[in-house]
Amino acid sequence: MDTGFLRVLLDPGRFFEARMQEKPSLKIPALIALVIGLIGAVSTVPMADITMAMLPADMQGLGVIMMVISAGVAFVGGLLAWVICGFVLYLVSMIFKGQGDLERTMEFTGYGLIPQIFGGIIGTYFSYQLLSGLNIPPMTNPEQMVEFSENLVTILTTDPLAQIAGLVSILFIIWSANIWIFGMKYARNLSTRDAVLTVGIPVGLYILSRLITLAGWL
Amino acid sequence: MKPLNVLIISLLCAAIAFTAPASAGPADITVVSSSLDPPVLMKGDTGTLTVVVQNTGAETVAIRSARLYGSGVVPLNEPYPSVGELGAGNSKTFTFTVRADGGEGTFYPTFVLDFRDGAGNLRYPVPVQVENTPLSASVIQKPDAFAESRTADITVRVGNPRPNAASGVQVVPQGSGFTVTPTGGFIGSLAPDASGTVTFNLTPTAETDVTFQVVWRNGINTHTADLVLPVAFGEDKKQADPVITNVEVTPIAGGYRIVGDVMNAGLESARSVVISPGSPATPIDPFRVYVVGTLDPDDISSFEVTFKVNGTVTEIPVVVEYRDDDGNRYTASMPVGLGGTAAPLEEQQEDGGFPIVGLLVLVLVALGVAGAIYYSWKRT
């Protein structure tokens, strides 16, 4: 369990301390990001089903294309999120005079995304719960489809289950942030205080924006 | 004297002897008054005819019997087969029960007094008026239209066009398919050319004919006259008219929300106004029904209802229930299209509409994350 995933989740300090003894490797973090992307792609299936149901028979081909595109975007989104998080943390840590190469930061940021796998699975479950019971009325023109889509957004933002899903995702982000604190501490050679600030500032702002959105729902 | 003249004089005397006035017998017996109760009979009525005779002479007169006879108005009995003597200056009253068997008009039954000892008799024709004109009844107030179970005020006026007074006048509603209060109206005595009114609160339960029966007495005779009021349901021009406008349908979790305005476009108040989604919609919390209360004419109020539908329902009725001042319930509905706005989620919440499973997951995740974070910092 010295380098196992469970240690990343429960004892990230010791894990990253041990990883610092080895050369940086992005293989496993990339794999984690791909898994997250894959889960994201799977989570688009219920919405794709709804889209297909909305479209008339002669436009089902277009629906398939849209479904593939959305799944692909969601898949790539996992990698993109990893890269963005890594760069943001790297840049913020520069404020606190962090020292350490970008590759190590990216590696540790990738490990910190492991909680998002669980978050993605639970989020997908909520997504299925939300969308599986949807009644799709017969639609004959594009205006109805647009109206339907707008109402669907309204539903998904007002449903208590959607709000709970939002809170759950925030919890997993907090968990990831906790791992990143230890990661930045070692990857950028920061004090614990500076590592907390390096992670806390961007993640705090992100969580705040999510909470504001949720508060608007409530 | 010639024999012919003697014969003529003898015949003249005989004629005078037969056609002489009553007083000619016992010279001083006269009829001083006569009366009839009721003063004017109707055909078939029974009345009491009273004749008063007086002996205005200085001697007692022996009377054998008193009779009444005639056609049109006939006596029902002969109560005076033997009368006796009538002293000087005395008077005697003879009462006969008569019945009007003929038609309308004035009849003259003859009162006859037979004197004893071949003294002849007294004949006196008594005028009796018979008129069949009944009391007249008319509805002087009623609603523009009747509605089922809606109470209406009906005012009936009873007039007396007869030449004599009517007594015990009352109006009794008769028929089925309605309830009425009071069940009868009493007017009492009506003098000639007088009238009286009675007001009824009539509540029809079905279209029917209501018969207002006017009952009165002419002397001891009871008569009736019917006034028929057809009760046909129609739209009251003044009744409350709730109109729903400004409707907005919004999908919500588990169903739809309809918000809108309800306005009373009628001329009467709509009371206890309640708005609810009608079948096939199933009301759901939080607004299964919306109680507006009283809507006066031209008043407007907003409302909100929440409901869910099954399948591909594209239109539901919004039902407005209200009452009038009498408490009668009315229902109006307006179809509201869901159309392309439909995107409800099926009920996923348990126990009051909150997703318990989701909440449980949230709590477990929170505990797990908190435990992991606590553990990670404890290890450092």
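## Confidence in chain A

Confidence is lowest in helix H8 (residues 142-158) of chain A, where the mean is 71, whereas it is highest in helix H6 (residues 102-111) of chain A, at 93. Where pLDDT is low, the predicted coordinates should not be read in detail.

## Two helix pairs in chain A

Helix H3 (residues 27-43) and helix H5 (residues 60-95) of chain A cross at roughly 145°, and their axes come within 7 Å. The crossing of H3(A) with H5(A) is right-handed. On the side of H3(A) the contact includes Pro29(A), Ala33(A), Leu34(A) and Ile36(A), while H5(A) contributes residues including Ala71(A), Phe75(A), Val76(A) and Trp82(A). Sorted by class, the residues of this contact are 12 nonpolar and five polar, with no charged residue.

Helix H2 (residues 12-19) and helix H9 (residues 160-187) of chain A pack at an angle of about 30°, with their axes 9 Å apart, and here too the crossing, in which H2(A) passes H9(A), is right-handed. The contact is formed by Pro12(A), Gly13(A), Phe16(A) and Glu17(A) from H2(A), together with Ile179(A), Phe182(A), Gly183(A) and Tyr186(A) from H9(A). In this contact of H2(A) with H9(A), five residues are nonpolar, two are polar and one is charged.

## The make-up of chain B

Chain B contains two helices and 27 strands. Of its 380 residues, 29% are buried. Among the contacts in chain B with a separation of 6 or more, 65% are between residues 24 or more positions apart.

Strands of a sheet pair through backbone hydrogen bonds, either parallel or antiparallel. In chain B, three strands form an open sheet in the order E2-E11-E8, with mixed pairing. Strand E2 (40-41) and strand E8 (105-107) of chain B each have a single partner strand, and therefore one side of each is left without a neighbour in the sheet.

Between E8(B) and strand E11 (residues 128-130) of chain B, the pairing is antiparallel and extends over three bridges. Within this pairing, Phe107(B) has Val128(B) of E11(B) as its bridge partner.

## Other antiparallel pairs in chain B

Strand E25 (residues 300-308) of chain B pairs in the antiparallel sense with strand E21 (residues 255-264) of chain B over eight bridges, and in that pairing Ile258(B) is the bridge partner of Val305(B) in E25(B). E25(B) is also joined by two bridges to strand E23 (residues 282-283) of chain B, again with the strands running antiparallel, and Thr282(B) stands opposite Lys308(B) of E25(B).

Strand E26 (residues 315-323) and strand E27 (residues 329-337) of chain B pair in the antiparallel sense over nine bridges, with Val320(B) facing its bridge partner Ala332(B) in E27(B). These two strands, E26(B) and E27(B), form a hairpin with five residues between them, and in this hairpin Gly327(B) takes a positive phi near 90°.

Note on methods. Residues numbered from 1 in each chain as written. Chains lettered and ligands numbered in written order. Predicted model: local features only at pLDDT ≥ 70, side-chain atom pairs only at ≥ 80, totals over all residues. Axes fitted to C-alpha atoms, helices over the stretch in contact; angles between N-to-C directions. Helix = DSSP H or I, 4+ residues; strand = E, 2+ residues; numbered from the N terminus. Left-handed = near helix turned anticlockwise from the far one by under 90°. Contact = placed C-beta atoms within 7 Å. Nonpolar A, V, L, I, M, F, W, Y, C, P; charged D, E, K, R; others polar. Buried ≥ 20, exposed ≤ 12 C-beta atoms within 10 Å, placed from the backbone. pLDDT = per-residue confidence, 0-100. Pairing = 2+ DSSP bridges.
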